[in-house]
Amino acid sequence: MTTLKKILLSGACLLGPLPAKADNLLIWAPVRVSEQSYKATMGFRLPFEWETSAGADLALASTDGEAIQPGSGQATFWGKITKARVTPAGRAQEDASLRIDTLRGSGSLMLSRSRSFILSDSLDLQTSRAVSLGYAPVETRQTSVTATQALKLIYPWTGTSISAGSSLTDFGKDFSTSVGVSQAVLPNLNLNASVTDPLSPGRSASVNVNYRVSW
């Protein structure tokens, strides 16, 4: 076994074969990303009214000679609290999450809220709002604040959805909007089209087809 494997898999020997399931209070999810790179997520959950989870993401990559690649390391601490409320008319969820990259000195804090409603037998509505604060010491704007909001109308019986969203960065320095439509063609096949900044001369459009396969 290589030195790299010993570093990332030693936690498995200490914690035992713990499955990464929602009903397990411990989080342990090692992944072999490629032939010479590994990643592990570890942490814990607390099933309070506000579901709380916290932990760390660790990753490393090696060269053919089993030496650690410079700059490939990752050691990110994260934490999240979530509260969800479900009623016969819809669902509401509030989240607060924090990520800190201990190796590069960057971090982010995000507060978000989403709601879904049953407007009628043939129409559902989803809304979401989020505010994020980020810090990256190597960027020109070391500190940034971004506010986003989105709205989606869903026609469940036809598999059609229409969405609109906007994003505001650093209190007006950057502002963008988007509109889109999605259509379920087959049970696992979706057609998506979107336009960014539709009222701007620099608008851009994209169309893509997604096919999902599960096995």
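Two strands are said to pair if DSSP finds at least two bridges between them. The strands themselves (E, at least two residues) and the helices (H or I, at least four residues) are DSSP runs, numbered from the N terminus. With that in hand, look at strand 11 (residues 189–196) and strand 12, which pair in the antiparallel sense over eight bridges. One of the residues involved is Ser 194, whose bridge partner in strand 12 is Ser 206.

Before going further, a word on what you are looking at. This is a predicted model, in which local features need pLDDT of at least 70 and side-chain atom pairs count only at pLDDT 80 or more, while totals for chains, interfaces and linings use all residues. Residues are numbered from 1 along each chain as its sequence is written, and side-chain values use heavy atoms, with hydrogens and water left out.

Now step back to the whole chain. Its secondary structure comes to one helix and twelve strands.

How are the twelve strands arranged? They form an open sheet in the order 1-2-3-4-5-6-7-8-9-10-11-12, with antiparallel pairing. Strand 1 (26–34) and strand 12 stand at the edges with a single partner strand each, so one side of each is left without a neighbour in the sheet. From one strand to the next, the twist averages 15 degrees; for such angles, axes are lines fitted to C-alpha atoms (for helices over the stretch in contact), and the angles run from 0 to 180 degrees between N-to-C directions.

Next, consider how well the chain is covered. A residue is called buried under 20% relative accessible area, exposed over 50%, and partly exposed in between (1.4 Å probe, protein chains only). Buried residues make up 23% of the 215 residues in the protein chain. Strand 12 (residues 204–211) is hardly covered, for the count of buried residues among its eight residues is zero. The protein chain exposes about 14400 Å², and carbon and sulfur atoms supply 61% of that area. Such accessible areas come from the Shrake-Rupley method with a 1.4 Å probe, and for residues only the protein chains shown count as cover.

Let us move to strand 4 (residues 74–87) and strand 5 (residues 90–101), which pair in the antiparallel sense over twelve bridges. Here Trp 78 stands opposite Arg 99 in strand 5.

Side chains of opposite charge can pair when their charged atoms come close. A salt bridge is counted when a side-chain nitrogen of Lys or Arg is within 4 Å of a carboxyl oxygen of Asp or Glu, and by this rule the count comes to five. In one of them Arg 99 joins Asp 57, the closest N and O atoms being 3.0 Å apart. Because Arg 99 lies in strand 5 and Asp 57 in strand 3 (residues 51–61), the pair ties together parts that are 42 residues apart in sequence. Arg 99 is partly exposed at 35% relative accessible area, whereas Asp 57 is buried at 7%.

Which residue forms a salt bridge with Glu 94? It is Arg 85, with the closest N and O atoms 3.8 Å apart. Glu 94 is partly exposed, with a relative accessible area of 22%, and Arg 85 is partly exposed at 35%. Arg 85, Glu 94 and Arg 113 are linked in a network of salt bridges. Asp 101 and Arg 104 also meet in a salt bridge (3.4 Å, N to O); Asp 101 counts as buried at 13% relative accessibility, while Arg 104 is partly exposed at 40%.

Finally, visit two loops. Gly 105 lies in the loop between strand 5 and strand 6 (106–120) and is partly exposed, at 39% relative accessible area. Gly 105 and Ala 136 are 31 residues apart in sequence, yet 7.0 Å apart in space, C-alpha to C-alpha. Leaving aside residues up to four places away in sequence, Gly 105 touches Tyr 135 and Pro 137, where contact means heavy atoms within 4.5 Å.

The other loop, between strand 11 and strand 12, holds Asp 197. Most residues other than glycine have a negative phi. Phi of Asp 197, however, is near 50 degrees, a positive value.
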